[in-house]
Amino acid sequence: MNADLFANAFFEILANPEFWVAVLRIATPLILGTLGVLLCERAGVLNLGIEGIMVAGAFTGWLAVHGGAPLWAGVLVAALTGGVLGLLHALLTVGLALSQHVSGLGITMLASALSYYGYRVSFPKVSTPPTITPFAEMDWLNVPILAQQTPLTLLALLLVPLIAYVLYRTPVGLALRLVGENPQAAEGQGVSVAALRSGAIVAGSALMGVAGSFLTLSAFNAFFFNMVNGRGWICIALVVFASWRPGKALAGALLFAFFDALQLRLQQSGAVLLPYQLYLMLPYLLSIVALILVARQASYPQALMKPYRKGER
Amino acid sequence: MRLEKRAQQSAIALALAPVGALAFTLLISALLVRWAGAPVGQAYGLLLKGGFGSVFALSETLTRAIPLTLTGLAATVAFKARLFNIGAEGQLYVGALAAVAVGGLHGGTGFALPAPLLFVLMMAAAALAGAFLLLGPALMKARLGVDEVVTTLLLNFIVLLFVSLMLDGPMKDPSAMGWPQSVALQDELTLAKLIAQTRVHTGLLWAWTLAVIVWALMKFTVQGFNIRAVGANTRAAMFAGVPVTRTVVLVAMLSGALAGLAGAIEVAGRTGYLTLDMSPGYGYTGIVIAMLAALHPLGVVFASVFVAGVLVGADSMSRAVGVPTYIADVIVAASLISVLVATSLTQYRIRWK
Amino acid sequence: MSAPVLKLAHITKRFGSLTANDDISLELGAGEVLALLGENGAGKSTLVSILFGHYTADAGQIEAFGQPLPPGDPKAALAAGIGMVHQHFTLADNLSVLDNVMMGSESLWQPFTRRRAARARLLAVAQRFGLDVDANARVGGLSVGQRQRVEILKALYRGTRILILDEPTAVLTPQESEALFAVLAQMVAQGLSIIFISHKLGEVLRVSQRVAVLRAGKLVAQAKASETTQSQLAQWMVGHAVSAAQRQPANNVGEAVCVLDKVSTAPARERLRDASLTLNRGEIVAIAGVSGNGQSALAQLLCGTRAATAGTVVLMGRPWPQKPAQLVALGVARIPEDRHEVGVIGDLPLWENAASERLQSRTFSRFGWVRRRAAYAYAQRVIAAFDVRGAGADAPARSLSGGNMQKLILGRALVHPQRDATATPKLIVAHQPTWGLDIGAVDYVQQQLFAARNAGAAVLLISDDLDEVLALGDRVAVIHDGQLTPARPALAWSREAIGLAMAGISSPQATP
């Protein structure tokens, strides 16, 4: 491998604004998904249903638009789908205090299977996936790089400071954080742990649904099998990497997207002749490395993954 | 709403729980079948027949059950120690890869060792490959506190890409005309058929024997106690003198080995070579089977036959009445959730105040 | 007398087949301090939990300040002016003092928090009651006494008029307890009424005006504090005459069994620092101290679950073995502090728990296979010898009551599988062995420790209960911040000197 060649290709790629456009685009579902996981985990609940919820959000949002609804209605449908699946997770983990791991995995399986089933039932004999007209770029924005993005990206970027504000500067955010640290304390201050946890899970899952819809309504214009391809799990890793803070979640998502966009373009430039599979492995390897790096310092919500049974002392 | 522990678990409730779960699952699936426009009764009939209704159907079911039993055992062993191994899929593939590496027809003839020896080496390689793959995440959890759910999940993707890499290069079958599949196994290393004219192979006996071995291990040996103790209460286990880290390592290697063997046995018994789509998610389904079997090794045998029957039956039903095959995954996932809910309700009562 | 601020009428609460509160009627007067007394399981915590809204009573009504109190809702209780300081602090370590205190005081629908106003109010309240706090400090870094102050402030901040304190002095030194009582007096002066739960009879008579005694869910007696005595209270609590733990002096102290010399453990929340101690045959050495000062480090060191980083520990002349299995084989009997979470493995059956410490050894295993019959027989022996009542050797350990679980642990420690009934361990490490047990069980455990000592065992007793330490210990040492005072004969310590030592103020040295 020629170091000079690599350096040349590297800087060429970075100098091209199209690269940064791609970075933001790739980061969008990660930002939305990670914020969703963040809300759930801050309240003390692990939501492994994210992978399936993203699939479901991608499918239902797309289906609605394919059926004639406007794009934002599709996003809303995706959010509602996520919310309903989140409600199921809340019933199982908060209501019945079942294992959060198992409930989440079950929901991922169920949601994915239902989505694929629904797709096949709706379009039994297609060879090429039917398409829709996705979100258009925001030319009316005079900001470079942002102007080439679609509205959902803007939404994702705006949600970061919004969620940070809610978490740190509102009573409900403080209550949420306390519920994730010590549910007994919250109960003793007159706050319903069950209601708050369920609300956080539903809201977080709605965000996950929207993250999925970005794939079918913005990034691509059709629904493919294996479309989500592990992004949900990467969000779970990113939340740990972000120490459960929205600002760091944004940074993590962007960092990740940076490497993802980079590896594709490095492949295309031909500067480094490695098998493409090694490039594709990079995102997952990076996630594992990130997890190891932050492992010791992670100040996780103390009540994460501990089921809370009201009245049991 | 809150949960109150029931003073006594009535035996009736305990027996009715799985029935209730099953009924609920069938209801959901019935709705889905209606949505596809197929007649519900006929569809269910075809499912049952396709899974269990003939010697052929049973043989297909049993064939499918072999890897499921092994991944189910892998999940059972790990979950019993509260090591959430979600990486069985990757461990399966890496085991298959190792098996082909040792037993494959490299350069036309493969390694020139006596077949029985080569067979043992092949299986050992597969088991070790799976074991070491899980060891990494297990140690990361034990030493660094990194959640093993995410690491094992991410490893699945990495392994699949690695297998693809190998199939494109060193392990490629030159005679497969560009199709990404591995070199085939030497003939003498493949597993014999159990029932003539079917695909059921002796791997079934391996799987069932391993189930009994795992059961005996858990119930009668000191290691089994250590595993159960660490899973039930790590602090108390440590107090009692159980070597915790050593036990976690053992569990990881055992669980990974079982999943690796699943891959090797699939290659040796069913396909003869390794392809990327060899496993339609057996690793993940194994987790569902383990939960359905309530983490009991012998229960895994039954649960895997049940799930395999549903999968096989759904395949044949879908061909006949045009219901998409994904209904099988829905049934499996829905039964998992409803069994958990039903079991929970036998232990707790819901109070609305 | 003015109208009562709190009226409980016919409160009844059942959990399955257990009646925790049985037709309890009680009143609290304005500006009064009412002590609620009772053994573990008598129903005190349940009653106040109902009052505060954690539970809903099956029958009965509560009136606060003349208004009926909506049941089952802590928010309503807080609104009615009822506040609670829980025994196990309900604080979020990762958040600040201000966050912990103000949470829940503003409506969840409000789109912004008023932190500055909240901080000002917190400091005003703190000053009013003489409680010193740093509003921005992270709770996780505070001492136990400071954390309790935050707990109290949580209630005071919300404008509590009726304050419930659940075993507040359990984690305080005698001096800190005095400080707390001063705060309580200040609260009463400011018009609060107080319900004070305790099992420390002396304290109860000092602090309260009236005492209510619960036994097995029923209210069995109420009296003015000035008109009753400790022994009368104890009798009401238990239902029969009770004598305090009697001293049984040792009469056959032998050679050293275990010697600690300037031992330190790794820095952690609890640690040992340069601790030295000698444990002799036929003698009970009791360690007094406020919990959290290194007792856990000492106990875990001697139970084999924590390593020393400096100094030496010697067992019968040889270096201290690291592994619990080796300790048990050498004759060390261990009784851990937390019987539920460390002493037994709740999900596993009794017989496996009885054999768990020796499972790796040849007694109960052969070539890796468990010798089930031997283990089962041993469990039966322990159950019979120590009268462990439960559903049998196959039942899961968590089905045992606290007392029976402790008896199982004690039996496992004291009954040797191969030797006969007269064999005694060489060293017994007992960490809070009587915590949470009713008086009958407490007496049983203490008698067992005396018996073992008389048979030649060296006993190390670590206890929060100063009365127990002084009654059982032949020699007593005090632990503070990881350091041990020399162990002096029990009669050489005055209560005042112990209290000072518990707070870290040293007294004149005497021979250890």
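Domain bounds here come from an automatic or database domain assignment. The model is predicted.

**Exercise 1. Domains of chain C**

Task: State which domains make up chain C, then describe the contact between domain 2 and domain 3.

Solution. 
- Step 1. Chain C splits into domain 1 (6-238), domain 2 (243-331 + 425-512) and domain 3 (345-424).
- Step 2. Take the centres over C-alpha atoms: those of domain 2 and domain 3 of chain C are 25 Å apart.
- Step 3. Domain 2 of chain C brings 17 residues to the contact, and domain 3 of chain C brings 11.
- Step 4. On the domain 2 side, helix H10 (324-329) and helix H15 (439-454) of chain C are the elements giving two or more residues.
- Step 5. Sort that domain 2 side by class: 13 residues are nonpolar, three are polar and one is charged.

**Exercise 2. Burial of strand E21**

Task: Decide why strand E21 (residues 475-480) of chain C counts as largely enclosed by the rest of the structure.

Solution. 
- Step 1. A residue is buried if 20 or more other C-beta atoms lie within 10 Å of its own.
- Step 2. Six of the six residues of E21 of chain C are buried, so the strand is largely enclosed by the rest of the structure.
- Step 3. In a regular strand, side chains alternate between the two faces of the sheet.
- Step 4. One side of E21(C) carries C:Arg475, C:Ala477 and C:Ile479. The other carries C:Val476, C:Val478 and C:His480. Both faces are covered.

**Exercise 3. Chain A against chain B**

Task: Describe the side of chain A that touches chain B, by element and by class.

Solution. 
- Step 1. The contact joins 38 residues of chain A to 39 residues of chain B.
- Step 2. Helix H5 (100-122), helix H10 (231-241) and helix H12 (276-294) of chain A each supply at least two residues of the chain A side.
- Step 3. H5(A) gives the most, with 12 residues.
- Step 4. By class, the chain A side has 27 nonpolar, seven polar and four charged residues.

Conventions
Residues numbered from 1 in each chain as written. Chains lettered and ligands numbered in written order. Predicted model: local features only at pLDDT ≥ 70, side-chain atom pairs only at ≥ 80, totals over all residues. Contact = placed C-beta atoms within 7 Å. Helix = DSSP H or I, 4+ residues; strand = E, 2+ residues; numbered from the N terminus. Nonpolar A, V, L, I, M, F, W, Y, C, P; charged D, E, K, R; others polar. Buried ≥ 20, exposed ≤ 12 C-beta atoms within 10 Å, placed from the backbone.
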